[in-house]
Amino acid sequence: MRPGVVAVLVSASLLVLGAAPAGGPVPRPLPARMADTGGGTQLITAVAPETGSTEGRVTWWDRGDDGGRWVEAGSAPARFGAGGLADGATREQGTNTTPTGLYDLPYAFGIRAAPPGTKYRYRPVRQDSWWCQDNASRSYNRWTEPRPADCRATEAEHLITYTAQYAHALVVGFNYHRPVRGRGAGIFLHVDGRGATAGCVSVAAQAMRRILRWADPAARPHLAIGTSGGATAITRY
C-alpha cells in the first residue's frame, strides 16, 4: 500500500476515535461542550450511548477557580436503570428509568462509615432509616426515621436492606427540592448491585469511595446525566 494511502487511513481512524490528528485542534473536554454545568468547579458526568442503554460511563471533573479548563479527575464504568434513560422533566415513577438532566447533590449517606477525607455531610443508615416513595405521603421523596404512618412500607425503601448498593451513596437532586408526585423518588449515585438499577446511577464500590473523597460541597458539584447524542444528549443540559 502506498505511504500516502496509509497516512489518510490513519488520519481517518483518529477522527473516528475522537482524537485529533497530529497538529490538529485539541478536542474540548465534555463539560466545556455542555449548556450548563451548575456553576461550580466540580462536575460528574454520567453518559450512556442511547436511551435504551443500561451501561455507560461516569467521569468526574475539576475546573480551575479562575474559570480555566476542565480536567478529568477520574472515570469508571456505570450502570443505569433497567428501563434505560428518560428525560427527567417528563419521567414517570415506576418505569425503572434513569432521569436525564443536571442535578445538585444534597448530601451523602451510607451503611458503612464515610471514606476518610469525605467532605460532604454524611448521614449514617440506621435500622429505622427509610426513603419514602409513596405519592400519598407528606414525606414523599424524603429520608424518614422512622417510617411515618402515611408512608406504606411497600412504597418505601428500607435503606439498610440494600447492603451493597447503599454502602456509600450520594443523594441526587432529581425531583427533590419541589417534588412532583408521580415523577419519581429515591434517585441516588450509589455502589453497583447485581445488575441494572431501578433508576439510579451506580458505579463500583472503589469508584464510589473515590468520588466521595474527591467531592467538595464548597466546589458546588453537580451530576449531569444524558446520552451521547439525540434529544437527551448530555450536552443539552
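The lining of the largest pocket divides into seven nonpolar, 14 polar and five charged residues, where Ala, Val, Leu, Ile, Met, Phe, Trp, Tyr, Cys and Pro count as nonpolar, Asp, Glu, Lys and Arg as charged, and the others, Gly among them, as polar. In total, 26 residues line this pocket, and N96, E157, T197, A198 and G199 lie nearest its centre. The space in the pocket is about 380 Å³, a volume being the space filled by probe spheres set on grid points joined across faces, edges and corners. A pocket is an open set of points, on a 1 Å grid over the protein atoms alone, where a 1.4 Å probe fits, with protein on both sides within 12 Å along at least five of seven lines; lining residues have an atom within 4 Å of a point.

The model is predicted; local features need pLDDT of at least 70 and side-chain atom pairs count only at pLDDT 80 or more, whereas totals for chains, interfaces and linings use all residues. Residues are numbered from 1 along each chain as its sequence is written, and side-chain values use heavy atoms, with hydrogens and water left out.

The protein has two helices and 14 strands (DSSP runs numbered from the N terminus: helices H or I of at least four residues, strands E of at least two). Of its 237 residues, 44% are buried (under 20% relative accessible area, with exposed over 50% and partly exposed in between; 1.4 Å probe, protein chains only). Among contacts (heavy atoms within 4.5 Å) with a separation of 6 or more, 60% are between residues 24 or more positions apart.

The largest nonpolar core comprises 30 residues, and I44, V58, L170 and I211 have the most contacts inside it. Such a core is a set of buried Ala, Val, Leu, Ile, Met, Phe, Trp, Tyr and Cys residues joined through side-chain atoms within 4.5 Å. At least two residues of this core come from each of β1 (42–48), β2 (55–63), β3 (70–79), β12 (188–191), β13 (201–203), α2 (205–214) and β14 (222–227). Helix α2 gives the most to this core, with five residues. Another core, of 14 residues, lies apart from it and includes Y107, W131, L159 and A185. Beyond four places in sequence, the residues touched by I44 include V58, T59, L105, I211 and W214.

T59, in strand β2, is buried at a relative accessible area of 9%. Leaving aside neighbours within four places, T59 is in contact with L43, I44, T45, E72, G74 and S75. T227 is found in strand β14 and is buried, with a relative accessible area of 1%. The C-alpha atoms of T227 and V47 are separated by 5.2 Å, although these residues are 180 residues apart along the chain.

T144 lies in strand β9 (residues 142–144) and is buried, with a relative accessible area of 7%. Not counting residues up to four places away, T144 touches D128, S129, W130, C132 and S139. N141, in the loop between β8 (130–132) and β9, has a phi near 60 degrees, a positive value in a residue other than glycine; N141 is buried at 2%. In the loop between β9 and β10 (156–158) is P146, and the peptide bond from E145 to P146 is cis, with omega near -10 degrees. N175, in the loop between β11 (169–171) and β12, also has a positive phi, of about 50 degrees, and counts as buried at 10% relative accessibility.
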